[in-house]
Amino acid sequence: MKGKGYITFMVAAALSMGLAVTAMAEEPGSGEPGGAQLGTMIEMADRLAPEGEDAAVISHIKGVTDSQGRLAVPMYQDAELVSVQAEAGTPKGGPQGQVVSLKVEPKEQHSGMTSYLVADFDEADFPVELTLNWHQEGTYKMKAAKTSGTAPGNLKAVTYSMVNTAPVSIGSYSLELAVPEGYELAGIVGYDPEEEYGIFTDQGVKYGAYVFGEVPVGRECEMTVNIKKAGGNLALSMWGATILISAYFLYKNKGMLKEAKELAAKKKMGGNS
């Protein structure tokens, strides 16, 4: 996400939704000039599905508004905000469940101008939930996967990154990335059974997932999945199956593996004494 086209998006949003567009500089870590916090983001979960080379990104956010009923959330780059729905809390100007009026407020960072969104609610210091639907360009544009010498060729990679452009941290961020139709999941780059990775199927679609945990202001979160054409050659299919079975075995036995590491470490310390 390089910030491409965010000015165009802000102008279009202002014209179509009557949003206020205000440029501002702010102190690092503050919610806005003067240091007031723009709410608290407790959880944020993104689920991606392919739309050709683009992606439909469903972003579900749980948070608490500030003393003025505001909650700041990240604004995604190279993306169009399709809709915003409130599941908890009463948006300004309408009953619960209607589209929330969002105000785009660019902020200045060391990397240049970025922007975030502010949702206004009637309730101050109140738990709220939002679902933002984005259409993001080029997310599923595949590249050749970077693999070891033991991996078969023709693997493709899909990478997604999210930058927390909001002026408040995200308490816990998680990501679920769907495998495109006609492809199979060969693996998640950097997979570690002791970390919060996941592989699952929902309504016939395979997903790679990861829980990033807390995301400070300005932090980028990135995940890459390697995929292969469904029904490919036998060697590729066997390699992919071996990777997934190994990952599953490691996940199921991570407690035993941890105990084995600790035992080995104790023996090593005993031998050195």
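Which residues are linked with R47 in a network of salt bridges? R47, E176 and D202 make up this network, where a salt bridge is a side-chain nitrogen of Lys or Arg within 4 Å of a carboxyl oxygen of Asp or Glu. The model is a predicted one, in which local features need pLDDT of at least 70 and side-chain atom pairs count only at pLDDT 80 or more, while totals for chains, interfaces and linings use all residues. Residues are numbered from 1 along each chain as its sequence is written, and side-chain values use heavy atoms, with hydrogens and water left out.

We can start with the sheets. One of them is an open sheet of seven strands in the order β4-β7-β2-β1-β10-β13-β12, and its pairing is mixed. At its edges stand β4 (79-88) and β12 (197-202), each of which pairs on one side only. On average, neighbouring strands of this sheet are turned by 20° against each other, direction ignored; for such angles, axes are lines fitted to C-alpha atoms, for helices over the stretch in contact, and the angles run from 0 to 180 degrees between N-to-C directions. Strands here are DSSP runs (E, at least two residues), numbered from the N terminus, as are helices (H or I, at least four residues). Two strands are taken to pair if DSSP finds at least two bridges between them. As a reminder, strands of a sheet pair through backbone hydrogen bonds, either parallel or antiparallel.

Within this sheet, β2 (residues 54-64) and β7 (residues 127-136) run antiparallel and are joined by ten bridges. S59 has L132 of β7 standing opposite. F200 has Y207 in β13 as its bridge partner.

β11 and β14 run antiparallel and are joined by five bridges, and L185 is partnered by I227 in β14.

Strand β9 of this sheet holds A157. A157 is buried, because its relative accessibility is 11% and buried means under 20% relative accessible area (exposed being over 50% and partly exposed in between, with a 1.4 Å probe and protein chains only). The surroundings of A157 can be listed: leaving aside residues up to four places away in sequence, A157 touches K141, M142, K143, A144, A145, T224, V225 and N226, a contact being heavy atoms within 4.5 Å. V225 is 68 residues from A157 in sequence, yet the two are 5.7 Å apart in space, C-alpha to C-alpha.

Returning to the charged residues, the count of salt bridges comes to four. In one of them, the side chains of R47 and E176 meet at 2.7 Å, N to O. This pair links distant parts of the chain, with R47 in β1 (residues 40-51) and E176 in β10, 129 residues apart. Both partners are partly exposed, R47 at a relative accessible area of 26% and E176 at 25%. Another salt bridge joins E184 and K228, whose side chains meet at 2.4 Å, N to O. Here too distant parts of the chain are linked, E184 lying in β11 (residues 183-188) and K228 in β14 (residues 220-229), 44 residues apart. E184 is partly exposed at 32% relative accessible area, whereas K228 is buried at 2%. D66 and R70 also form a salt bridge, with the closest N and O atoms 2.8 Å apart. D66 is buried at 6% relative accessibility, and R70 is buried at 9%.

T165 lies between β9 (156-163) and β10 (170-178), and is buried with a relative accessible area of 4%. A polar atom of the T165 side chain lies 3.0 Å from the backbone nitrogen of M75. A polar contact is a pair of N or O atoms within 3.5 Å; within protein, one must be able to donate a hydrogen and the other to accept it, and residues adjacent in sequence count only if both atoms are side-chain atoms.
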